[in-house]
Amino acid sequence: MALSLYVDTARWRAHQKSVIDQFPGLVPVCKGNGYGFGHERLAEEVTRFGADMLAVGTTYEAARIKDWFGGDLLVLTPFRRGEEPVPLPDRVIRSVSSVDGVHALVGARVVIECMSSMKRHGVSEHELNQLHSAIEDVRLEGFALHLPLDRTDGSDAVEEVIGWMDRLRAARLPLHTMFVSHLRADELARLQQQFPQTRFRARIGTRLWLGDHEATEYRGAVLDVTRVAKGDRFGYRQQKAASDGWLVVVAGGTSHGVGLEAPKALHGVMPRAKGVARAGLATVNRNLSPFVWAGRQRWFAEPPHMQVSILFVPADSTEPKVGDELVAHLRHTTTQFDRLVDR
């Protein structure tokens, strides 16, 4: 019995095709845990729909995935002098975000990142003139811009890209290919129309693999059910049951990512109020689990264990049975399943 990821494969692939059709020349991204599907599965999908390039997060990911995908591999983490060398084939392209990094990669295939409004990494405008001599010793695959998801200042993503295109052109740098992230299809089309001599390639991960939320579902199998009365002690810390009900042991614990939550950017009064309420409940050991039973998200009876979670289901609900599966609302990028089931 396991924590399973169920995939409506036909629906999932139909969504992939819709994204690919909107973004000609798309570069699929497979990084981290493979967006919840695993590197091998996504490499198979990319091979199936015929992409010529796959973007990965690190050189270590490139080393793991190179035997699963035969096209070019673009490493998104920028090269830094002194990093641990990882043996990689010539079809691996390195991202570089500094002039020094370009100088250090003699003979390599490189994509040069420009500093966007993300302000994460990239060459700045005043460094562009220094790139002329540096790129003579590398095989330049293009430039790249990693753009923010939200623009609370009302700025325009296309105008930001156009600004960099103008700067690169003024610096007399080659503009045959520009890799971009977080643009809409209509924004990409505007850029392609304005700069017909440049090939714009969108690097897309989340929208491609996770854009159709109804195509996938996590479920944890019920392993044990124990009846408890109010006041009964249970678990590692021997807490008391708050009322009559059942302790339900379900597959899925911290090793799967259950109970782990990435910080969120909260906007608006209501989301902030809910965040305060959750924090307050946590101080009295009341933590809502991601598992759903009888139409309701159930509370953890105690913090999740390594491979299982123990939930409390009150007596006024239907009793779960061993072998039942509980839907789990889990974040794909932090979850590791036991098995993947195509439907």
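Between domain 1 and domain 2, seven residue pairs are in polar contact, both residues of each pair being at pLDDT 80 or more. The model is predicted. The domain assignment places domain 1 at residues 7-210 and domain 2 at residues 216-342. Their centres, taken over C-alpha atoms, are 38 Å apart.

Now look at the interface itself. Eight residues of domain 1 touch ten residues of domain 2. The size of an interface is often given as the accessible area lost when the parts come together. Here domain 1 and domain 2 bury about 860 Å² between them. Carbon and sulfur atoms carry 53% of that area. On the domain 1 side, Val7, Asn33 and Gly36 lose the most area to domain 2. Together these three account for 49% of what that side buries.

The rule finds one salt bridge across the interface of domain 1 and domain 2. Asp342 forms a salt bridge with Arg41. Their closest N and O atoms lie 2.9 Å apart.

Next, turn to helix H7, residues 185-194. Its buried residues are Glu187, Leu188 and Leu191. Seen down the axis of H7, these buried residues fall within an arc of 100°, so they line one face of the helix. An α-helix has 3.6 residues a turn, so residues three or four places apart point the same way.

What do the buried residues of H7 pack against? Their partners are helix H6 (157-170), strand E8 (177-181) and strand E9 (199-204).

How values were computed
Residues numbered from 1 in each chain as written. Predicted model: local features only at pLDDT ≥ 70, side-chain atom pairs only at ≥ 80, totals over all residues. Heavy atoms only, no water. Buried < 20%, exposed > 50% of the residue type's maximum accessible area, 1.4 Å probe, protein only. Helix = DSSP H or I, 4+ residues; strand = E, 2+ residues; numbered from the N terminus. Arc of directions from axis to C-beta. Contact = heavy atoms within 4.5 Å. Domains from an automatic or database assignment. Buried area = accessible area lost by both parts, 1.4 Å probe. Salt bridge = Lys/Arg side-chain N within 4 Å of Asp/Glu carboxyl O. Polar contact = N/O pair within 3.5 Å; in protein donor to acceptor, adjacent residues only side chain to side chain.
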